[in-house]
Amino acid sequence: MQLGTEADQQVARNERNNFLAVSIWFAIGHGAVGVTVVYASTLFGSNGGYTANGLLYSCAIFSALFLAVPTVRAIGLKWTLFVGMLLNSFYVTSTFLGLLASEELQKALLTMGGCCGGIAAGLIWTAQGGYFGHSVSTIAKKELRAEAEISSELAGQFALSYLLSELIFKLGYSFLQDFGLGLLPITLGNSAISALATAMICSLEAAGSGKESELGLCTKLFSTLELWSDPSLWLLSFTNLTFGLCAAFMNGYFNAHFAAPELGERSIGLLTALTVVFAAAAARVSGVVALRCGKLAVLCIGAASFFLIPFATKVLPCCTGWGKSIIVFYALQGIGRGVYESTNRSLFSDFFSPRDVEKAFANCFFQSCLASATGYFLCGSSATCGGVAVAAALTAGLIPVTYWAASARQSRLCTEQIPLR
């Protein structure tokens, strides 16, 4: 491995430490949000819980397409992340305040909270992607290493922090409830943790600021859509689409129709936690496999894991009488998710220039969010949920093929010395 000068190595170490801090505080803040999304419907049900989550997905799509990149261009990655985390904190706190409020005020709080949470999601994932791309570029230059190699390392690091935080929050929430702690102190503690993570964003080093501030409003608002003409964006989309569809199928249909009848409703929390355990392990292993065997090998593993879920439920005699063997589906979902959270995200840094990396990550988030929202909507009916399973199998099968096509196109453009963007 080549190394730069001592000064370059120090810059690289500082960049790694800063990205580690981004990963940790992002993971903690998002963990508080994730457990809120899971329990909002249970806590409030038809009195705003479902509406809040529906608004969250809708606003997230809008934010990713039209708000995230202009915000980064205006105030930089650090403060975009801070604003997003602040809005997330309001979403988390709205559940605590909702438990104290009257029925009318409760609906208003949850509605505003859902909108804030959705807008925040688009902002923080785009800012995180920008930090990721900035760190990969800086470290690769200072350590004289290939950017693809660095992106694999940092993607695995981020995914591990993110998934472990999610696991801790989910298990912690369940443990505190079983321990006898009421919902009011639990949601208050969750709100306090979210606020702390938001405050700690202020300690990060800034990266990216005020670019393209001279551009017109319409140009800024539609800047994310500029990449839609790039075939690479769509060739790399199939892992995002497959993850969104499989997540909706597992959470919106499989849990209710297969897992609950086989193992009981109380098992759902443990099963979803096991998914996160497998995802964290897969994310860690993915980075190592990508460095030794290439990212195509990792994507093939993720694609096969996602493919087997709908294939088994539609082709095999699944899942009556399977009992605890049904855990295999949650292991497959976890492995697929680990690849999605790590190697898949690193591809958007590999294929797009630093100038376009925020737009690329905004589109990455948009693709998975749109697939999830569509999947959840269709899985509301058994008649249409079968279509979600078929679509997930098809998109999973296309993941290796489309990645190969994207790589071939990138190699051809590099050979011809034509910039990707």
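Student: Which residues have the most contacts inside the largest nonpolar core?

Tutor: The model we are looking at is predicted, and its largest nonpolar core has 62 residues. A second, separate core of 29 residues includes Cys246, Ile326, Leu332 and Cys379, but your question concerns the largest core, where the residues with the most contacts are Leu81, Leu236, Phe348 and Phe352.

Student: Leaving out residues up to four places away in sequence, which residues does Leu236 touch?

Tutor: Leu236 is one of the residues with the most contacts inside the largest core, and among its partners is Phe348, which is named alongside it there. With sequence neighbours up to four places away left out, the residues that Leu236 touches are Asn344, Leu347, Phe348, Phe351, Phe352, Tyr403 and Ala406.

Student: Is the pair of Phe26 and Trp125 stacked or edge-to-face?

Tutor: The model has 26 aromatic pairs, and in this one the ring centres lie 4.8 Å apart. Phe26 sits in helix α1 and Trp125 in helix α3, 99 residues apart, so that the pair links distant parts of the chain. Because planes over 60 degrees apart count as edge-to-face, and the planes here stand at 70°, the pair of Phe26 and Trp125 is edge-to-face.

Student: Which element gives the largest share of the lining of the second largest pocket?

Tutor: The second largest pocket has a volume of about 200 Å³, and 14 residues line it. The elements that give two or more residues to this lining are α4, α9, α11 and α13. The largest share, four residues, comes from α4.

Student: How many residues in the lining of the second largest pocket are charged?

Tutor: Among the residues nearest the centre of this pocket are Glu149, Lys295 and Asp350, and Asp, Glu and Lys count as charged. Taking the lining as a whole, seven residues are nonpolar and three are polar, while the number of charged residues is four.

Notes
Residues numbered from 1 in each chain as written. Predicted model: local features only at pLDDT ≥ 70, side-chain atom pairs only at ≥ 80, totals over all residues. Heavy atoms only, no water. Phe/Tyr/Trp six-rings, centres within 6.5 Å; stacked < 30°, edge-to-face > 60°. 1 Å grid on protein atoms, 1.4 Å probe; cavity = no way out; pocket = protein on both sides within 12 Å on 5 of 7 lines; lining within 4 Å. Points joined across faces, edges and corners; volume = space filled by probe spheres on them. Core = buried A, V, L, I, M, F, W, Y, C linked by side-chain atoms within 4.5 Å. Buried < 20%, exposed > 50% of the residue type's maximum accessible area, 1.4 Å probe, protein only. Contact = heavy atoms within 4.5 Å.
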